[in-house]
Amino acid sequence: MDVIVPILTAAVRSGTPILYATLGEILTERSGVLNLGIEGLMLMGAFSGFIVTHTTGNPWLGVAAAFIVGVAVATIHAFLCVTIGANQVVSGLAITMFGTGASSLLGRGMIGETVGGFARIPLPFLSKIPVLGPVLFDHDPLVYFSYILVAFLTWFIFYTRPGLNLRAVGESPKVVDAMGLNSARLRYFYTLAGGGLASVGGAYMSLAYTKMWGDGMTAGRGWIAIALVIFAIWHPARAVLGAYLFGGVGAMQLRIQAAGTSFPAPLLMMMPYLLTIIVLVIISIQKGRGILLGSPGSLGVPYSREERG
Amino acid sequence: MKKYLLAFLCLTLVMGSTIALAFGPVAAKDLKAGFVYVGPVGDGGWTYMHDLGRLDMEKAFPGMESFFVESVPEGPDSVRVMETFIRNGAKLVFATSFGYMDFVQDVAAKNPDVIFMHCSGYKRADNVGTYFGRMYQARYLSGLIAGKMSKSNIIGFVAANPIPEVIRGINAFTLGAQKTNPDVKVKVVWLFSWFDPAKEKEATLALIDAGADVIAMHADSGAAPQTAEEAGVYVVGYNNDMSRYAPTKHLTAPVWNWGMVYKHIAGQVIDGTWKTSDIWWGLKEDFVGLAPVSNAVPEDIVALVNSEKEKIISGNWDVFSGPVKNQKGEIVIKNGDRMSDGDMLGMNWFVMGVEGDIPK
């Protein structure tokens, strides 16, 4: 247990930024919009959260700022993909480049600065539970909030009317339009919400995980989140599993090294990606067999009401 | 005979004057220098320190102009960047990472009137010089302090990538630590990345959980010092003074002073005295050094650091002077021998006292 608990704790800690981003991308993709701009959104969130916290001293304001900036940047993506019907892959990549560049440029003056950020707050009673206590209930508030968010999104997507509409617009915007709902407006809403969440994931990196800003500090976690959406098969609860698995494997390989064993670290690092590919293969094989596995039917396909045939 | 002599004289004169023309003195206001950076200026580490050096140089020669392109991949893209510099009038080009080596050679061959300085490489030409610092000397000094401050006799080392530069630093650090504490072990964790603050934090925590009570590092962010401060263990930074990340636990840090070498090179170019050479300076020239040492370090250790520094500066002794043993306990450098610079640049083995592998 002495070995396992720190690894699991680290898994939750390092999985949380990826979890926020994955939840955001699940919302966006469920509505039928692919957003490859997650890495850029996370960096914008990390930077804006940091600068606001640095100025005001309040990390909650930082998180709020990161969410707003994420929504703003995602608006560009939504405009290009939903209103104009541009290629979603190209637009997403442009968002990543924009976020990487803009955060780097604007963040010049913040190099070497630190903030107080979020402190660890062990939850009373809960953190005393053996194993589960330190693993789940001895973190900063953003980690606890992610638990609530997962439960909420699972309920929202699968057990509510708006959730049904969200899933429907991802499957067939034409049908949703026929139902009298506005497909474009729904897609806008979930692209913006998803962008905001990804940005909060970035803010976790600069306010809770490490309390500093560094150029490109998300180091590719946005891309992992996009892979995790597939791993989770567009389900928030499975995203938790995936995010902690990725985080846990990363923490484990460092601890294996520290313990002095000569297990090849890159082999271990490969495992989550391998699992993602296996899931992808299974989804592809099962496609069209009436199983609830698989991507939203209209994912990545632009929809225009005028062209309805 | 006289005719030949005359012709020969003319020829040498012509050739001599072209060479003199190429690298003759230039006024500071006419000198433009271009810098190729491997990372973003905002990395707070390697590229950031180079850029401080560049600004230092500009300040030293009023009127001189310099420009840079950051995050240039170590591939054919660097050729394009260097050629753009030259088109914009640069007569001096600095390439600040190892991987630019062959591309510098290509561009330099096509532009014999432009001076190139390549950091950390080994290929030179008439218009290509190389420069690097003996960071291992400063690492050795920081090791003396870390060894003394460890009570658990385990020091954790957060290391970026398994290349000779990093391995040399770990070895020098370990030799220093063992001089003040023969029982100390240095545990190494590889990140396989130069800049990933979150991963640097996890590696630091892993080492602390494995018993380390002093952390040293070779990575580009301040995440390891910040984590050490939170966990209450001592830390040795790198690149620059990292005490702002660990106000109470920062012992010292081996630091770069790129400004002095950039000022030196620009000065030579302006005076017209520049000739191709291999600059590999260390403590003696003040190219590398230690950040201010914490008050927590006992007086006698500070005195030892100073006397070891003097010993290295005197040139009679260097860090990799025998006897030095490898991890298996075999003597690699014999008593009385000193490791050659070439061997040091290709170092791919750990000294005794290091716990960890070098991934192949």
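This is a predicted model: local features need pLDDT of at least 70, side-chain atom pairs count only at pLDDT 80 or more; totals for chains, interfaces and linings use all residues.
View 1. The preceding helix, H1 of chain A, spans residues 4-30 and has a kink of about 45° at Thr16(A). This kink lies shortly before the proline Pro17(A). H1(A) is mostly covered, with 23 of its 27 residues buried.

**View 2. Strand E3 of chain B, residues 92-95, carries buried residues pointing both ways.** Leu92(B) and Phe94(B) point one way from the strand, whereas Val93(B) and Ala95(B) point the other way. All of these residues are buried.

**View 3. Strand E3(B) pairs with strand E1(B) and with strand E4(B).** E1 of chain B (residues 32-36) runs parallel to E3(B), and four bridges join the two strands. In this pairing, Phe94(B) of E3(B) is the bridge partner of Phe35(B). E4 of chain B (residues 115-119) also runs parallel to E3(B) and is joined to E3(B) by four bridges. Here, Phe116(B) of E4(B) is the bridge partner of Val93(B). A right-handed β-α-β unit is formed by E3(B), helix H4 of chain B (residues 101-110) and E4(B).

**View 4. Chains A and B are in contact.** Chain B contributes 31 residues to the contact and chain A contributes 29 residues. On the side of chain B that touches chain A, the elements giving two or more residues are strand E7 (185-190), helix H7 (197-209) and helix H8 (223-231) of chain B. H7(B) provides the largest share of this side, ten residues. The residues of this side of chain B comprise 14 nonpolar, seven polar and ten charged.

Conventions
Residues are numbered from 1 along each chain as its sequence is written. Chains are lettered from A and ligands numbered from 1 in the order in which they are written. Two residues are in contact if their C-beta atoms, placed from the backbone, lie within 7 Å. Ala, Val, Leu, Ile, Met, Phe, Trp, Tyr, Cys and Pro count as nonpolar, Asp, Glu, Lys and Arg as charged, and the others, Gly among them, as polar. The bend at a residue is the angle between axes fitted to the seven residues ending there and the seven starting there. A residue is buried if 20 or more other C-beta atoms lie within 10 Å of its own, exposed if 12 or fewer, and partly exposed in between; C-beta atoms are placed from the backbone. Two strands pair if DSSP finds at least two bridges between them. A crossover is right-handed if, with the strands pointing away from the viewer, the path from the first strand over the helix to the second runs clockwise.
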